[in-house]
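User: Please examine the structure below with me. I would like to go through its interface, its charged pairs and its core.

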Number of protein chains: 2
Amino acid sequence: MRLSELAKVSGVSIPSIKFYLRTGLLPAGQTLSKTQADYAPAHVERLRLIRALREVGQLPIAAIQAILRAADDETVPVAELLATTHAAMAGPPPLEPGAGRAAAQALLVEVGWSLPAESPLIDSLGVVLQALHDQGRPIDAPHLAPWVRAAQDAAAAELAAVPRSGPRSATGGEIAVGAVLYGQLLTQLRLAARQALAANRSS
Amino acid sequence: MRLSELAKVSGVSIPSIKFYLRTGLLPAGQTLSKTQADYAPAHVERLRLIRALREVGQLPIAAIQAILRAADDETVPVAELLATTHAAMAGPPPLEPGAGRAAAQALLVEVGWSLPAESPLIDSLGVVLQALHDQGRPIDAPHLAPWVRAAQDAAAAELAAVPRSGPRSATGGEIAVGAVLYGQLLTQLRLAARQALAANRSS
């Protein structure tokens, strides 16, 4: 199909498609002439993946590039793909490196989650803990137990659906997009739960 | 204190402070002369609040404005402040209104969370459910039970710490910032849990 049809079928605008082609998120179509290219159903699939990461996951382009690069490379093992996806989702590195890092490390030890010392997730968690502490909220493991338990329950359910190994090619994108979409699911469900519980108790 | 000292004490740059003054997020200082103003400790507190919402919560300025406007107005009841905060955190309205809305409504009924029909949270949840469905993931209540439970547990723990009523002035900002920070806490803890569980099963 031509570019205009690809836009129509995928629901992604032509300027956006051109942008994804330029940044390499979307592979080039088959060249037909100097100004025309042919796109396959795989391009529609790819655009659906990019849309999920961009519009629902609200991830920046750089994060999507990092995730899709790992998802596309079949030599990257599933565990490595997950680590890349988690790091990209954790957000930009903190403005104050080290803020709350010790608190994050202490909490991770206490709850028994072992992360490599160089994981960016430790610093991202540390920034939140520091901010909570600055607001006078307790950040010791007993006080944080409800969130730790909630996070663990969600993570366990998500990983149960991720294959440990096996053929990667078809599943790389699905694994990455699952990590992102279930994160947004939990975020939106928490807001809905807060809203429903708050309305309940004030009525 | 003068602007330069406010920047130093709060750790917020002078251009950022001037931007917050222009947008009304930070109230003006007491005018000393045509080019100088005096800032109080309350300004430092306010900047700490804005930083938490902006840098940790990664909220856009418009969302922070909506949240702080409700937090500042002591006539706004706690339940209303929470609703405003939740709506601002749910993100921009969906590009395709109605996408997944029916699925979201069905899920909310099934889990017993009652939201007003006009709540923007229904559409935000609908967008995620639609995206999951597009990726071939099941979105019926039994399959989503682990995330529903996790969201409910986190929400219950958070609301237990929010006063039902009482003096609002001092607590408005704290209530709003709590909603945002505990959201980021759950997001980052989930990534850490996924990473730790993934590493565990591949070793």
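User: Does Glu158(B) count as buried or exposed, and at what relative accessibility?

Analyst: The model is a predicted one. The cut-off for a buried residue is a relative accessible area under 20%. Glu158(B) falls under that cut-off and counts as buried, its relative accessibility being 4%.

User: Which residues is Arg194(A) in contact with, leaving aside its neighbours within four places in sequence?

Analyst: Arg194(A) is found in helix H9 of chain A, and Arg194(A) is buried at a relative accessible area of 2%. Its salt-bridge partner Glu158(B) is also one of its contacts. With sequence neighbours within four places set aside, the contacts of Arg194(A) are Leu82(B), His86(B), Ala155(B), Glu158(B), Leu159(B) and Ala179(B).

User: How many salt bridges does the rule find across the interface of chain B and chain A?

Analyst: Side chains of opposite charge can pair when their charged atoms come close. Over all chains, the count by this rule comes to 12 salt bridges. One network of salt bridges links Glu158(A), Arg190(B) and Arg194(B). Across the interface of chain B and chain A, the number found is four.

User: What is the area buried between chain B and chain A?

Analyst: The interface brings 74 residues of chain B into contact with 74 residues of chain A. On the chain B side, Trp147(B), Arg194(B) and Arg201(B) lose the most area to chain A, together 13% of what that side buries. Carbon and sulfur atoms give 68% of the buried area, which is about 7100 Å².

User: Which helix gives the most to the side of chain B that touches chain A?

Analyst: Between the two chains there are 16 residue pairs in polar contact. Six helices of chain B each supply at least two residues to the side that touches chain A: H3 (41-56), H5 (78-89), H6 (101-111), H7 (120-134), H8 (141-160) and H9 (172-202). By class, this side has 49 nonpolar, 13 polar and 12 charged residues. The helix that gives the most, with 25 residues, is H9(B).

User: How many residues apart in sequence are the parts that Asp123(A) and Arg101(A) tie together?

Analyst: The side chains of Asp123(A) and Arg101(A) meet in a salt bridge at 3.3 Å, N to O. Asp123(A) is buried at a relative accessible area of 19%, whereas Arg101(A) is partly exposed at 21%. Asp123(A) lies in helix H7 (residues 120-134) of chain A and Arg101(A) in helix H6 (residues 101-111) of chain A, so the parts tied together are 22 residues apart in sequence.

User: By about how much of the helix are Arg51(B) and Glu55(B) separated?

Analyst: The side chains of Arg51(B) and Glu55(B) meet in a salt bridge, 3.4 Å from N to O. Arg51(B) is buried at a relative accessible area of 17%, while Glu55(B) counts as partly exposed at 34%. The two residues are four residues apart in helix H3 of chain B, so their separation is about one helical turn.

User: Which residues touch the most other members of the largest nonpolar core?

Analyst: Trp113(A) touches residues of both chains, including Leu108(A), Val148(A), Leu189(B) and Ala193(B), when residues up to four places away in sequence are not counted. The largest nonpolar core has 120 residues, and those touching the most other members are Trp113(A), Leu185(A), Leu189(A), Trp113(B), Leu185(B) and Leu189(B).

User: How far apart in space are Ala176(A) and Ala71(A), C-alpha to C-alpha?

Analyst: Ala176(A) has its place in helix H9 of chain A and counts as buried at 2% relative accessibility. Leaving aside neighbours within four places in sequence, Ala176(A) is in contact with Ile67(A) and Thr85(A). Although Ala176(A) and Ala71(A) are 105 residues apart in sequence, their C-alpha to C-alpha distance is 6.9 Å.

Technical notes. Residues are numbered from 1 along each chain as its sequence is written. Chains are lettered from A and ligands numbered from 1 in the order in which they are written. This is a predicted model: local features need pLDDT of at least 70, side-chain atom pairs count only at pLDDT 80 or more; totals for chains, interfaces and linings use all residues. Side-chain values use heavy atoms; hydrogens and water are left out. Contact means heavy atoms within 4.5 Å. Buried area is the accessible area (1.4 Å probe) that two parts lose on being put together, summed over both. A polar contact is a pair of N or O atoms within 3.5 Å; within protein, one must be able to donate a hydrogen and the other to accept it, and residues adjacent in sequence count only if both atoms are side-chain atoms. Ala, Val, Leu, Ile, Met, Phe, Trp, Tyr, Cys and Pro count as nonpolar, Asp, Glu, Lys and Arg as charged, and the others, Gly among them, as polar. A nonpolar core is a set of buried Ala, Val, Leu, Ile, Met, Phe, Trp, Tyr and Cys residues joined through side-chain atoms within 4.5 Å. Buried means under 20% relative accessible area, exposed over 50%, partly exposed in between (1.4 Å probe, protein chains only).
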